Amino acid sequence: MEYISQIAFLLVLAVASYFLAQRIGSIKKNINLGKDVDRSDNKGQRWKNTMLIAFGQKKMFKKFIPAILHLMIYVGFLVINLEVLEFIIDGIAGTHRIFAPVLGDAYSVAINIFEFLAVAVLVSCVAFLWRRNVVPVKRLKTLSGWPKLDGNLILVIEVILMFAILTMNATDQLLQGKDDHYVQTGSFFFSSFLMPLFEGMSVDALVFTERFAWWFHIIGILAFAVYVTYSKHLHIFMAFPNTYFARITPQGQMNNMDEVTTEVKSMLGMDAGNPPAEVARLGAKDANDLTWVNLMNSYACTECGRCTAECPANLTGKKLSPRKIMMDTRDRITEIGENIKAGKEAEEGSALFSEDYISAEELNACTSCNACVEACPININPLDIILQGRRYMAMEESSSPQSWNAMFQNVETSFAPWKFPPTDRFKWADKLKEEEK
Amino acid sequence: MSDSTYKVPTMQEMSAKGEAPEVLFWVGCAGSFDDRYKAVTIAFTKILNKVGINFAVLGPEESCTGDPARRAGNEFLFQMQAMSNIQVLDGYNIKKIVTACPHCFNTIKNEYPELGGNYDVVHHSQFLQGLINEGKVTLKDGGEFKGRKITFHDSCYLGRANGVYEAPRDVIKALDAELVEMKRCKTKGLCCGAGGAQMFKDAEKGNKEINIERTEEALDTGAEVIAAGCPFCMTMMTDGVKNKEREHNVKVFDLAELIAKNEGL
Ligand code: HEM
Ligand code: SF4
Ligand code: SF4
């Protein structure tokens, strides 16, 4: 009987780890469905970006209020997780607050810091709920359905988890001295405010409440970890690799299509080197035609809508929304992953660039202004996806807008996007001479 | 021709004489064909002459960089253009290029290297900034723009795309003008609506044209002059000002035009 809670704990841990590993495995697989692109260069610059933009939250601070609220949740998460380490050791070893005797006074200092952060997280989550629902911030208000629910659920779950910690600490303090199992820790400032709620309880009821809160918190955290993998909240992990692997070339530079270079060179009679194996598709028709970095981006997106709020096309009522580009990419690559798992044809269902996900109307509306890229706090690049879609339209489908086809024709025959005779190109100099007369 | 004050030597003429220019002025399609932007080409040419820069143009040998084709998805056409331009540039052994078009600037600077074309490329705002810093362009005090309100519209391909924010502003400050910023400027600058090959087609369905939104922002600053550094921005902002019926008291000028006017060129 003595070991029953330890066995139960190990079981819970094993089940959670199993599901988590499954989820991580399938997301990894989905990301690897993307085309290869080399991001092993410039390690120094990449680390710097990760440190500044992910760890340092640099781009978040373009908007001060959400940045501060987020910083509290972020630091709270990182620090409070140290306490989860103690939870896990206690759970396995059947001990209680194993670090308390080891750390002595430092333990109570640490727990007081954790409690302060728990309260800060609580306050921030409530403020975020407020911003989402009461005085809605426009970029958050435009979400509906699952993404909206997801955004609220995360915040509510965090509020509940923080309450569980505080309840646990409050009842624990009341039990110290009444039950030998509960080691002396010194007092905890914030949870002391909750103590009057439980003061009248019997020792048994207190133990029950304390244990319930303990189990609730740890199971909550483990369940949340699995939930996160289905949610935009995956950014809490993905933000780090995402900033590391993000593009570091100038924003205006479009990547070169080497398969096209080979062909153009041989058309021009230049030495083209070895022709590439087989060129699958030019540009992208579906999510698995994109690069793994594009797909990783889609799993890292927080759906915050800062990109869409800056998009000139979206601001003027066009259908294009860079946030939707990211969300559609994630939904479609997940669908492709599931097709494969179910033994179906990978590309069954609607392709990413089709009316059901990203339509031609959306692709064509982009001015390639890079405002979305600049705005994204975790260096996601929606523009890169848009441009690959356009390449497919232009080169495989010839379905570009008519005026663009005319422009292509002009460039080809008149060497300018407008239909002027190339011999007129230098006429401006005559005008200069005329002016002088 | 020899008595003309302003000379526009072509590379062909120069190399026939066995000479090499210090810098090639890449005029671009808009600078060559667009009536409004030809004036900018001329203004910049006058400045180059006045300062005595040893420059040349490609003249009829110039060709579209391929930028609009690439942004619209036609990578083949882009690369064909790029390769043949690189052949011409390398044929003349060009090392340094200045252009008044941010799209040409971005393409030649960032995208030609992968196809074998490596040049030192500057935008004319950076070139003008250099001339001002070196004291080659000294603006007489009490110039035409002294104390007047000027706002600068960041072109996406100069600003966000390449991080050039200060050069154009330094040029405006050198005029002794009052530089006023729009609500969205620098990294947050709002596109004029023409980038990404939008210049060459109608906008998709929406509730407003992007250039109107941007022009309203520019007008909100109370500036008399909207300064630009890009042919497409120039068109979009000029159309915007016309649409708002403000062309009588708000002018859209390129940076080179501002300097040339101030110099009485
Ligand atoms: C590692 C622990 C992290 C935790 C616990 C965390 C937590 C949260 C929470 C709770 C939200 C929801 C806010 C809302 O409802 O609006 C959120 C949003 C967000 N997080 Fe994180 N986050 C973490 C890491 C990061 C990192 C490293 C970044 C990178 C900069 C980041 C960027 C964002 C962004 C951009 C949003 C959207 C915020 C907005 O709408 O203004 N997060 N995060
Ligand atoms: S690059 Fe395209 S999608 Fe991104 S903000 Fe500009 S117009 Fe919108
Ligand atoms: S792409 Fe970046 S800015 Fe846009 S919603 Fe996702 S996280 Fe936010």
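In the predicted model, the helices α18 (371–375) and α19 (382–397) of chain A each supply at least two residues of the shell around ligand 2. This shell comprises 13 residues, of which C311(A), C366(A), C369(A), N370(A) and C372(A) are the closest to the ligand. Ten residues of the shell around ligand 2 are nonpolar and three are polar, and no charged residue is present.

The surroundings of ligand 3 also belong to chain A. Ligand 3 is surrounded by C301(A), T302(A), E303(A), C304(A), G305(A), R306(A), C307(A), R323(A), M326(A), C376(A), P377(A) and I380(A). Two or more residues of this shell come from each of α14 (306–310) and α16 (322–341) of chain A. By class, seven residues around ligand 3 are nonpolar, two are polar and three are charged.

Ligand 1 is surrounded by 25 residues, and the closest are H70(A), R132(A), R139(A), H235(A) and R306(A). R306(A) is also listed among the residues that surround ligand 3. For H70(A), a polar side-chain atom lies 2.6 Å from a nitrogen atom of ligand 1. In the side chain of R132(A), an N or O atom is 2.8 Å from an oxygen atom of the ligand. For R139(A), the distance between a polar side-chain atom and an oxygen atom of ligand 1 is 3.0 Å. Two or more residues of the shell are given by each of α2 (43–55), α3 (64–93), α5 (105–133), α6 (138–141) and α11 (235–245) of chain A. Of the elements, α3(A) gives the most, with five residues. The shell around ligand 1 divides into 16 nonpolar, five polar and four charged residues. Domain 1 (4–31 + 63–244) and domain 2 (280–399) of chain A each contribute at least three residues to this shell.

Chain B is divided into domain 1 (4–129) and domain 2 (139–262), and the C-alpha centres of these two domains of chain B lie 23 Å apart. The contact between them involves 26 residues of domain 1 of chain B and 29 residues of domain 2 of chain B. About 2100 Å² is buried between the two domains of chain B, with carbon and sulfur atoms accounting for 71% of it. R36(B), P102(B) and H103(B) supply 24% of the area that domain 1 of chain B buries against domain 2 of chain B, more than any other three residues.

One salt bridge is found across the interface of domain 1 and domain 2 of chain B. R36(B) forms a salt bridge with E257(B), in which the closest N and O atoms are 2.8 Å apart. Between the two domains of chain B, eight residue pairs are in polar contact, with both residues at pLDDT 80 or more. On the side of domain 1 of chain B that touches domain 2 of chain B, two or more residues come from each of α3, α4, α6 and α7 (124–133) of chain B. The largest share of that side, seven residues, is from α3(B). Its residues divide into 14 nonpolar, eight polar and four charged.

The contact between the chains takes 72 residues from chain B and 65 residues from chain A. Chain B and chain A bury about 6100 Å² between them, of which 66% is given by carbon and sulfur atoms. Of the area that chain B buries against chain A, 13% is supplied by F33(B), F76(B) and F200(B), more than by any other three residues.

Three salt bridges are found across the interface of chain B and chain A. E62(B) forms a salt bridge with R425(A), with a distance of 3.3 Å between the closest N and O atoms. On the side of chain B that touches chain A, at least two residues are supplied by each of α2 (28–33), α3 (35–51), α4 (67–71), α5 (75–91), α6 (102–111) and α9 (210–220) of chain B. The largest share of this side, eight residues, comes from α5(B). By class, the side of chain B that touches chain A has 29 nonpolar, 25 polar and 18 charged residues.

Key:
Residues numbered from 1 in each chain as written. Chains lettered and ligands numbered in written order. Predicted model: local features only at pLDDT ≥ 70, side-chain atom pairs only at ≥ 80, totals over all residues. Heavy atoms only, no water. Contact = heavy atoms within 4.5 Å. Buried area = accessible area lost by both parts, 1.4 Å probe. Salt bridge = Lys/Arg side-chain N within 4 Å of Asp/Glu carboxyl O. Helix = DSSP H or I, 4+ residues; strand = E, 2+ residues; numbered from the N terminus. Nonpolar A, V, L, I, M, F, W, Y, C, P; charged D, E, K, R; others polar. Near = heavy atom within 4 Å. Polar contact = N/O pair within 3.5 Å; in protein donor to acceptor, adjacent residues only side chain to side chain. Domains from an automatic or database assignment.
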